[in-house]
Amino acid sequence: MTTPLPTTMQAFVIDPKNHEDNPLDNGALITNHPLPTIPNEKYALVKILRAGICNTDLEILQGYMGFGGILGHEFVGKVIQLHPTASQSLHDQWIGQRVCGDINIGCCNFSSDKNSTESSNNDTSSTSSCCRVCNNKFNYNQSNSQMSRNHCPNRTVIGILNQNGTFAEYMTLPLSNLHVVHESIPDEIAVFAEPLAAACRVVEQGLVQFRYSDGEECRGGDRVAILGDGKLGLCIAEILGREYLLAQQKQQQEQQNGGGGGIAPHAPILFGKHEHKLDLVSDSGVQRRLVKECYTNETTQEEEVSPHHANQYDVVIDSTGNPNGLTLAMTLCRPMGRLVLKSTCAAGVKGFNSAPIVIDELNVVGSRCGPIDRALELLEGNSTESVAENGVVVSAPLRMEKYITESFPLSRVRDALECAAKKSTMKVQLVMAD
């Protein structure tokens, strides 16, 4: 006999009207929050097993996006209920599955009751009123799934924009957003799917190439600098380190087969402030450097950047989470190079000077949410990449447990957020009560 669901749940809720001196006071744990209802047959009710805290959550507590509602967007959960009108085949497919999810909800999934935090002026009530992005009216072809995933103009975003998030015992999400988690991936590792997917987005966008082909010749690829040794920066280092090692293996395989192989690719460099954090990616394929090495005076780290690093990198990825990181990123990037922005900051940059972007004709690219399915492949370790006509490399699972600093029950969410805000902290997770 199925156990009846409760009518209320615990949830950490942000009040956007609050502007407390301590950002943690802008939210509160509500012990009797109404259980979300399933709006239509496209949605599922998910019991949250674990949720992760990231820097964006801390920025939202400080006012980023003006969000009000249940915080959080990283999670692993279990599908426990579908809409009464859902088919038996959907029940067979989804009930009991452990899942992670894309955080953006496109307008084709909307109904008159979305469990969103507020009514949207752009709300739609049927698939016939999907926007042009979701309906591919602009003929994006193969890139349409990425456009719809990230750029529906009417989208809601769980825990960030008009949609309740994951710091709760239950939530609803469209079935199209859900990705089944393989049984070999523990809950505490599956939570990393969303931040790891954000790192994979850099590759999905084609922003970095470790090898270029000119006809039959292969030449060395991009010189890449990653700024920031926080959670996202380390995830990016894990992903680009693997991409570099794959390119290196291809080059070596071609040499062994008598094809020359061209110029060896350049290892990406991760710049950070903390040696113990840089050591976490010692086996990833990236080089690790303290960011003070970028400056002429390493002791004071004054604004003058060393000529050994200024304008030396084809691609610079800013994942510092610090608005001032952009200034250094611009200086490291070569003229007509690519500057990739992964940071979201509630605070602006005082006295920001955009002249280097114009003078050096930098290509500035934002990079946001990425492919959850690819992240899960990397966590499972079943990803295969061809390195030659007769050879493959099988990737071992990414080992993410080293990044977990501490886990807290949802009842101690404030303690968890305080821990996450410490500079020495890596990843903090919330464990929901059974």
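## Basis

Residues are numbered from 1 along each chain as its sequence is written. Because the model is predicted, local features need pLDDT of at least 70 and side-chain atom pairs count only at pLDDT 80 or more, while totals for chains, interfaces and linings use all residues; side-chain values use heavy atoms, without hydrogens and water.

## Cysteines

The whole structure has zero disulfides (a disulfide is a pair of cysteine sulfur atoms within 2.5 Å). For C152, the nearest cysteine sulfur belongs to C107 and is 3.7 Å away.

C152 is buried, at 0% relative accessibility (buried means under 20% relative accessible area, with a 1.4 Å probe and protein chains only). C333 is also buried, with a relative accessible area of 0%.

## Asparagine 104

N104 is buried, at 5% relative accessibility. Its contacts (heavy atoms within 4.5 Å) include R149, R155, N177 and R368, leaving aside residues up to four places away in sequence.

## Cavities

What lines the largest cavity? The lining consists of G101, D102, I103, N104, R149, E194, A197, A198, C369, G370 and I372 (lining residues have an atom within 4 Å of a point on a 1 Å grid over the protein atoms alone, and a cavity is a set of such points where a 1.4 Å probe fits but cannot get out).

The second largest cavity is lined by F192, K231, L234, C235, Y403 and M426.

Terms used: Buried < 20%, exposed > 50% of the residue type's maximum accessible area, 1.4 Å probe, protein only. 1 Å grid on protein atoms, 1.4 Å probe; cavity = no way out; pocket = protein on both sides within 12 Å on 5 of 7 lines; lining within 4 Å.
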